[in-house]
Amino acid sequence: MNIMLLGAPGAGKGTQAAKLIEAFGYAHISTGDILRKAVANQTPLGLAAKGYMDKGELVPDMVVIGLVKARLQEPDAEKGFILDGFPRTVVQADALGTALAELGKTLDAVISIDVEKNALVERLTARRTCKQCGAIFNVVSQPETANGVCPACGGELLQRDDDTVETVTNRLDVYERSTAPLIAYYKDKGMLRSVNGNRSADDVFGDVRAIVEA
Ligand code: AP5
Ligand code: MG
């Protein structure tokens with residue numbers, strides 16, 4: 001299965017991707033994760049991307065399209081992949097369609113995780129991510145993580161630089177302006193499946209799993 005997860009910042013794309021990987025072993029293609037790694041390693045890509053990410057703006061289309069095209073050709077993508085955080089603009093969606101056609105691949109499901117806007121700021125400002133294993137937590141709903149130690153591997157839990165109230169507010173505006181139109185884009189193609197993301201992550205995964213197994 002080749003799956004795309006669509007949703008606002010904080011909708012739970014990374015959380016659902018982790019559950020899909022655990023259940024089905026797909027390759028995770030997260031442009032946000034790729035860019036954050038490049039920033040941490042201070043590569044030319046990271047140095048170019050950091051300014052956009054810190055402000056909650058999108059990195060230019062041509063940069064991320066190139067990254068995803070290369071990532072889709074890595075061997076692990078053969079077993080099925082999850083696109084998380086890409087595409088984010090109509091230009092990226094069109095480029096993805098072209099790239100998949102060139103590679104002889106298809107998308108099997110576009111899953112939109114729909115969450116009430118007022119829950120998103122709260123989720124994001126309380127998010128913590130393990131520096132070591134990448135697991136995603138929330139200090140409000142999972143108070144056991146407030147000590148900054150990953151319950152899964154003992155690694156250090158960090159807050160993302162772009163999870164401040166100010167940057168989150170801009171990210172949500174950018175989402176409405178540039179990315180939300182993709183819901184109609186994939187609906188018009190008859191590919192969109194929507195799940196109610198205003199429930200526990202496990203309940204949301206029940207619906208995601210049913211779509212994947214259908
Ligand atoms: P990216 O990393 O993609 O961030 P995002 O889209 O803003 O989404 P998030 O990762 O913040 O949220 P998520 O939906 O994954 O939620 P999560 O599961 O973590 O992008 C970051 C930046 O990189 C962009 O701003 C841009 O600059 C750049 N970038 C990336 N891709 C790009 C592209 N294609 N083009 C251009 N620029 C790009 O969950 C969030 C929190 O909620 C956690 O605490 C979690 O525990 C909790 N939670 C999850 N599910 C639930 C639930 N069901 N109920 C309650 N809490 C939940
Ligand atoms: Mg994410």
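The model is predicted: local features need pLDDT of at least 70, side-chain atom pairs count only at pLDDT 80 or more, and totals for chains, interfaces and linings use all residues. Residues are numbered from 1 along each chain as its sequence is written, chains are lettered from A and ligands numbered from 1 in written order, and side-chain values use heavy atoms, without hydrogens and water.

**Cavities**

A cavity is a set of points, on a 1 Å grid over the protein atoms alone, where a 1.4 Å probe fits but cannot get out. Its lining residues have an atom within 4 Å of a point. Grid points are joined across faces, edges and corners, and the volume is the space filled by probe spheres set on the points. The count is two cavities of 30 Å³ or more.

The largest cavity is lined by L5, L6, G7, K13, G85, P87, R88, Y175 and T179. Two elements each give two or more residues to this lining: β1 (2-6) and α7 (165-179). Such elements are DSSP runs numbered from the N terminus, with helices (H or I) of at least four residues and strands (E) of at least two.

The second largest cavity is lined by I65, V68, K69, L72, F86, A95, L96 and A99. Here α4 (61-72) and α5 (90-103) are the elements that give two or more residues. The largest share, four residues, comes from α4.

For the make-up of each lining, Ala, Val, Leu, Ile, Met, Phe, Trp, Tyr, Cys and Pro count as nonpolar, Asp, Glu, Lys and Arg as charged, and the others, Gly among them, as polar.

| Cavity | Volume | Lining residues by type |
|---|---|---|
| Largest | about 60 Å³ | four nonpolar, three polar, two charged |

**Aromatic rings**

Rings of Phe, Tyr and Trp (its six-membered ring) pair if their centres lie within 6.5 Å; planes under 30 degrees apart are stacked, over 60 edge-to-face, and the rest tilted. There are two aromatic pairs.

F24 and Y26 are stacked, 5.6 Å centre to centre with 15° between the planes. F24 is partly exposed at 26% relative accessibility. Y26 is buried at 9%. Buried means under 20% relative accessible area, exposed over 50%, and partly exposed in between (1.4 Å probe, protein chains only).

Y185 and Y186 form an edge-to-face pair: 4.8 Å centre to centre, 70° between the planes. Both Y185 and Y186 are buried. K189 lies over the face of Y185, 4.9 Å from the ring centre. A charge sits over a ring if NZ of Lys or CZ of Arg is within 6 Å of the ring centre and within 35 degrees of the ring normal.

Note on methods:
1 Å grid on protein atoms, 1.4 Å probe; cavity = no way out; pocket = protein on both sides within 12 Å on 5 of 7 lines; lining within 4 Å.
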